[in-house]
Amino acid sequence: MTVKLGELTWQEAEERIAAGAVAVVPVGAFEQHGKHMPLDTDWRLVSHVAEAAAMKASAKVPVVLLPTIWTGFSPHHMQFKGTVSLSLSTFQTVIQEVCRSLWTHGFRKILLLNGHGGNMAPLRSIAAEMRFADQVRVAVASYWDFAVPDIQSWRKSAPGGIDHACEMETALMMHVDGRLVKREHIKNALWFPKSGYLSGDLTIGGQVTISFDLAEISDEGVAGDPSTATPERGEQLFNIIVDRVAAFIEHFFGWDWSRPDQI
């Protein structure tokens with residue numbers, strides 16, 4: 001049985017809504033990923049993770065998967081050719097209209113599954129505004145957030161090695177579509193700020209957040225160490241992430257928004 005909302009008729013969608021289905025909305029980006037990976041890397045990775053996790057979770061709970069929102073908020077990559085970025089206001093409108101549509105039809109468990117680090121701050125703000133302006137409730141998370149402890153055990157790179165076009169993304173891309181990875185261009189471009197208040201790694205939090213243009217810290221658009229990536233390690237991490245995301249979907253299905261003390 002398909003989990004893709006786009007493959008259902010409106011009557012079949014109505015049945016999934018009546019069953020309380022979790023609606024998974026992958027949110028990607030269309031931006032440069034160095035000389036070794038394609039512009040649609042974020043879209044491609046979150047799409048693969050979301051579909052695999054939705055399929056896995058559907059064995060236990062009803063799930064529908066929306067088409068991936070293919071571009072996002074990427075002004076910090078616009079110095080590199082081919083990047084397509086939405087303005088903050090347009091990105092907000094797109095996300096809100098998708099979620100409002102789902103909510104209007106009766107979906108009450110909406111997961112915005114993010115695949116681009118630059119989308120997260122806007123998505124959190126959008127989720128808060130929808131809750132108080134429209135009474136629309138959504139959950140927001142990046143796919144890697146569900147597996148941070150696992151990633152820390154899996155990684156071979158030093159701090160700064162997992163950020164952009166990095167060890168993690170390169171390994172995952174080698175697994176999901178290795179033909180698009182130009183291995184001859186892979187090299188270590190690890191970057192980590194000297195200030196102890198900042199972080200240059202997706203799995204290591206910093207107390208202070210500032211905005212960098214990628215061109216300020218990288219001539220080729222890479223921040224991380226893709227040199228340690230292999231297809232085998234990518235498959236291993238992909239399966240872990242899918243398991244963790246699927247587990248949350250199953251857990252999310254049981255939430256009751258009217259009883260926040262019970263969530």
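Biologist: What share of the 263 residues of the protein chain counts as buried?

Modeller: First, a heads-up: this is a predicted model, so local features need pLDDT of at least 70 and side-chain atom pairs count only at pLDDT 80 or more, while totals for chains, interfaces and linings use all residues. Residues are numbered from 1 along each chain as its sequence is written, and side-chain values use heavy atoms, with hydrogens and water left out. Buried means under 20% relative accessible area, exposed over 50%, and partly exposed in between, with a 1.4 Å probe and protein chains only. By that rule, the buried share of the 263 residues is 51%.

Biologist: Which pattern does the protein chain follow along the sequence?

Modeller: Helices (H or I, at least four residues) and strands (E, at least two) are DSSP runs, numbered from the N terminus. The protein chain has eight helices and four strands. Reading along the sequence, you get α-β-α-β-α-β-α-β-α-α-α-α.

Biologist: What radius of gyration does the protein chain have?

Modeller: The radius is taken over C-alpha atoms, and the globule rule is 2.2 Å times the number of residues to the power 0.38. For 263 residues, that puts a compact globule near 18 Å. The chain agrees with the rule, because its own value is 18 Å.

Biologist: Is Thr83 buried or exposed?

Modeller: You'll find Thr83 in the loop between strand E2 (63-65) and helix H3 (88-105). Its relative accessibility is 9%, so Thr83 counts as buried.

Biologist: Where does Pro226 lie, and is Pro226 buried or exposed?

Modeller: Pro226 sits in the loop between helix H7 (214-217) and helix H8 (231-253). With 1% relative accessibility, Pro226 counts as buried.

Biologist: Which residues is Pro226 in contact with, leaving aside its neighbours within four places in sequence?

Modeller: Contact means heavy atoms within 4.5 Å. Ile240 is 14 residues from Pro226 along the chain, and their C-alpha atoms are separated by 19 Å. With the neighbours within four places set aside, the contacts of Pro226 are His36, Ala165, Cys166, Glu167, Thr170, Ile186, Lys187, Asn188 and Ala189.
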